[in-house]
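Dear colleague,

Please find the structure below, together with a summary of what was found in it. I would be grateful if you could read the notes alongside the model.

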Amino acid sequence: MKMQPKFSSFFLLFILFISGTTNGQSNKASRLEMVYTVSMEQPESNTFQVVLNCGGLSENYYDFKIPVWMPGYYQILNYANDIKNLKISDLKGNPVKWDKANHNTWRVYSGGVKAIELNYEVKTNRSFVATNYLNSERAFIAPTGLFMHVADQINVPVTVHIKPYRGWNRIATGLEKIKEFTYHANDFDILYDSPILIGKLEELPFFTVKGVPHYFIGYQLGDFNKEAFMADLKKVIEAAVAVIGDIPFKDYTFIGIGPGGGGIEHLNSSAVAFTGSKSLDKPGGRMGILSFLGHEYFHHYNAKRIRPIELGPFDYDNGSRTNMLWVAEGVTTYYDEMLLRWAKLESSEQILVNFQQAIKKYETSPGSLFQAVSQASYDTWSDGPFGRIGDEVNKTVSYYDKGPVMGMLLDFKIRHETKNKKSLNDVMRTLYYTFYKKENRGYTEDEFRKVCEQTAGGSLAEFFSYIYTVKTPDYVKYLNYAGLTIDVKPRVMEGAWHGIHAAVVNDSLRVRDVDWNSPAWIEGIRRNQVIASINGQPASKTLLDQITKQNHPNDRIKIETFDRGKKAIIPMLLGKKSETSFEIKRLSRPNELQKIILKSWLKE
Ligand SMILES: [Zn+2]
């Protein structure tokens, strides 16, 4: 992805003039030549050896940098900590002076020499889609954590030679191949967006969509019906491509890095934790993986190319904060759900159940009262990808929960306002063709809203209040647009409520969680306390559960707790719990427009 602003021809002339007068000596005008060689001769040491040959030098010093994060994973990873044993010399082998300028910058005093060689090691310790990993079975390169760039020279082309460990015969990457084990990237944005997997890899049967090959190559892919799986994956990819209509690359690769969790989207590839097994042969097991892969794939549109303006060009030194991950992540989650339906792999009824569960999860989390989804996006760097889960009360929300629900409401609103002539797909297409294709840049928050409102043909003030505030969405109204009803009436549950969720750990009953504002919460019972007795009897999970079933609201109980050596007897008045089902059903007598919207949304 080229992300320079487009220069006017006048400005280009101006640049040429400036560089002409300085005889090509200016930092910006000189062209560095960067060639990397990555080897892995002792995989059991978990350490890569990296050599960078850097030519075309003309300045007195250069700052070499390693990013602090990987775009797509919005957390600081401090890759620089794993760079070890840096040695720098000129081409005759004479040492070149350098020092550490800050946590991720090495200042190299090249004064006079035209070319230098940097040698360093990269230590690895866990297999994860955002980190480097090397062991005796495979190597995974997370490029932002392995390749240094020169400050302000992200646009320099780069060549990468890989020297696989002996016997390893295969490389999976989205990078352009020049010859065996040698790759080229037009700039560091592309290199940084192209992870590399090396080993004795396996490949699933590839398929093409609109003539573009889609590969799935990985480590330990497992035993399952690979033809059937890839036939279904092809349907998901076709459904994704049908939304935008354009495929912006020559090939695409799913890179399976082995067991674990998580996936990260890239320009023409994604790195995914994947372990295939016979469970993939059953629809239940297959759907989860297909929606996960569909999610990463749809990101090559929404997040990589249709992107918030903050997400490219990236700030590799500090991370790039944005309010818009509810679109980049949340709306992608909406699509990964819908793609399964549009590919005719998931039933309409299951889709309704999935959205019911998503709404329920969000609405019953205390965070829904405290944090707007735009704020969850901005704060993800400190809160974590799924919100601040370690706190006493989780006052954060996850854009993975609220985002897809907002995607659905926005889609219904646009369909309603335009009599189903337009949908959220039109918003995605306009963003893609206007900002990515025509202007080669991201969209601002205002521009996103404007495109939505232009598509809907009117104000979406109410919808956007659900994004920027914690106001409860009018689910009934929005689902009605699509001929659906949703049960938002709280119902009192049978039995009594204490609010404690506990499990036996090392022979004692330990509190795992306490419902917010429940009787136990109000009395100060918290996570990790040990329950010693209940109403004078030794505590057990059965006894705790019995109270819920056999007691009544307003009954008094006594709970004895141990908390860091302190014993307390806590009297408690049981309460009654109410729950909202958020069950989604079809309206029994929809009008014509509602019928049309539902049919077209579910592609029935
Ligand atoms: Zn995602």
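Domain bounds here come from an automatic or database domain assignment. The model is predicted, so local features need pLDDT of at least 70 and side-chain atom pairs pLDDT 80 or more, while totals for chains, interfaces and linings use all residues. Numbering starts from 1 along each chain as its sequence is written, and side-chain values use heavy atoms, without hydrogens and water.

Domain 4 (325-474 + 596-601) and domain 5 (492-579) each contribute at least three lining residues. Helix H6 (348-363) gives the most, with 4 residues; helices are DSSP runs of H or I of at least four residues, and strands are runs of E of at least two, numbered from the N terminus.

Strand S3 (residues 62-65) has both faces covered: Tyr62 and Phe64 on one side, and Asp63 and Lys65 on the other, are all buried (under 20% relative accessible area, 1.4 Å probe, protein chains only). S3 runs antiparallel to strand S6 (residues 105-108), joined by 4 bridges; pairing requires at least two DSSP bridges.

With kind regards

Definitions and conventions. Buried means under 20% relative accessible area, exposed over 50%, partly exposed in between (1.4 Å probe, protein chains only).
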